[in-house]
Amino acid sequence: MSLDTSASATESGAAPRPRRWRIASWAPVIVLVALCIIIGLINPNFFSFGNFVRMSQTAMIPLVLGLGATFIILMGSIDLSVEGILTLGAVILSMLVLNGANANDLGIFGIFIVLAVGASVGFINGVIHVRLKVPSFMTTLGVWFIGVGVANALLGGMATRINSPLIRGLAIDRFLGFPWGVWLALLCFVIALIIQNYTRLGRYIYALGGGEELAELSGIPVGRVRIMTFTLAGIFYAVGGILAAAQLGLGNAQIGNGRLFTTITAVVVGGTALTGGRGGVHQTLIGVLIVVVLNNGMVLMGVKPSVQIGVQGLMIIAAVALSIDRKLIRIVK
């Protein structure tokens, strides 16, 4: 599970990661395997094919959202606009494809428009953050509320039912027993993995997370990389909006509620450090599976929903505590 970042370390002038981080990257995998064994022993239904399908359906949206958030966190930034872009994308999609509110039927072109909207909002995030020097936390927080507000204004507080066979097919039609939406999420994962490991943008993202000043001295266009990364994240969030709309069969202004917490939890639990420079989309996949398996197991064991939320909160605190190298941090604000 360890990722060779020697190329990015060379470009940024940063020292290679300590060996303990390469060992620690296996910890989420060990936790995932242990959870599966324990839950399976308590309830054998956990290992049924039907339960695997249910878990894959639950995991597909957090995975796609987590991929976008991972790139941002690897830079050492934060993106809170997840729910805003997802909601806006889902609402626009519901109004462009065959639906119960108007005569539009753009089909696959509606999907391309939603992806373009996601990229545009992500680009705006990046430009405001870089050019106006507004912290990423505040920039994306504002865009989150703007996205939800625009989506609510478009629908006037109502919901639009999606009748498009293409969109509904992502949640209903299956290949090898799994919905097409699951395969789309896996395709997004492969694309993200290629970007991370085999492109200049991926190397630059790691370099920024390892030390932005060193990266800039090495000739890396820091501002441009940040804008491109926020744009890329916006596309992944838009895909999440498409999958959410397909899964619910409608678009409304509440469709993104609660997605941000699950997204950040999955990224951090997977082992990507909030300080940037360590982790990756491969670890986010493991983090998503840990969150989904744990939630599924608690349901199978009859744990109350209120307790499930508390367990998630404890899990993210523990994950952050384990991911921080306290020797490198003198002051915590």
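Predicted model: local features only at pLDDT ≥ 70, side-chain atom pairs only at ≥ 80, totals over all residues.

Visitor: Why is L166 called partly exposed?

Guide: L166, which is found in helix α8 (residues 165–172), has 43% relative accessibility.

Visitor: Which residues form the nonpolar patch on the surface with L166?

Guide: The patch is formed by L106, I108, F109, F112, I113 and L166, and together they have about 560 Å² of accessible area. Helix α6 (residues 108–131) gives the most to this patch, with four residues.

Visitor: How do you know that the span of α6 agrees with what it should be?

Guide: The expected span is 1.5 Å times one less than the number of residues. For the 24 residues of α6 this comes to 34 Å, and because the end C-alpha atoms are 34 Å apart, the two values agree.

Visitor: What do the buried residues of α6 pack against?

Guide: The buried residues of α6, among them G110, I111, V114 and H129, pack against α5 (82–96), α7 (136–155), α8 and α12 (222–248).

Visitor: What makes S77 count as buried or exposed?

Guide: S77, which is found in the loop between α4 (49–74) and α5, has 8% relative accessibility, and because buried means under 20%, S77 counts as buried.

Visitor: Why is the link between the side chains of S77 and R226 called a polar contact?

Guide: The side chains of S77 and R226 are joined at 2.5 Å, and a polar contact requires N or O atoms within 3.5 Å, so the name applies.

How values were computed
Residues numbered from 1 in each chain as written. Heavy atoms only, no water. Patch = residues over 30% accessible without salt bridge, like charges linked within 9 Å, V, L, I, M, F, W, Y side chains within 5 Å. Areas by Shrake-Rupley, 256 points an atom, 1.4 Å probe, with all protein chains shown as cover. Salt bridge = Lys/Arg side-chain N within 4 Å of Asp/Glu carboxyl O. Helix = DSSP H or I, 4+ residues; strand = E, 2+ residues; numbered from the N terminus. Buried < 20%, exposed > 50% of the residue type's maximum accessible area, 1.4 Å probe, protein only. Contact = heavy atoms within 4.5 Å. Polar contact = N/O pair within 3.5 Å; in protein donor to acceptor, adjacent residues only side chain to side chain.
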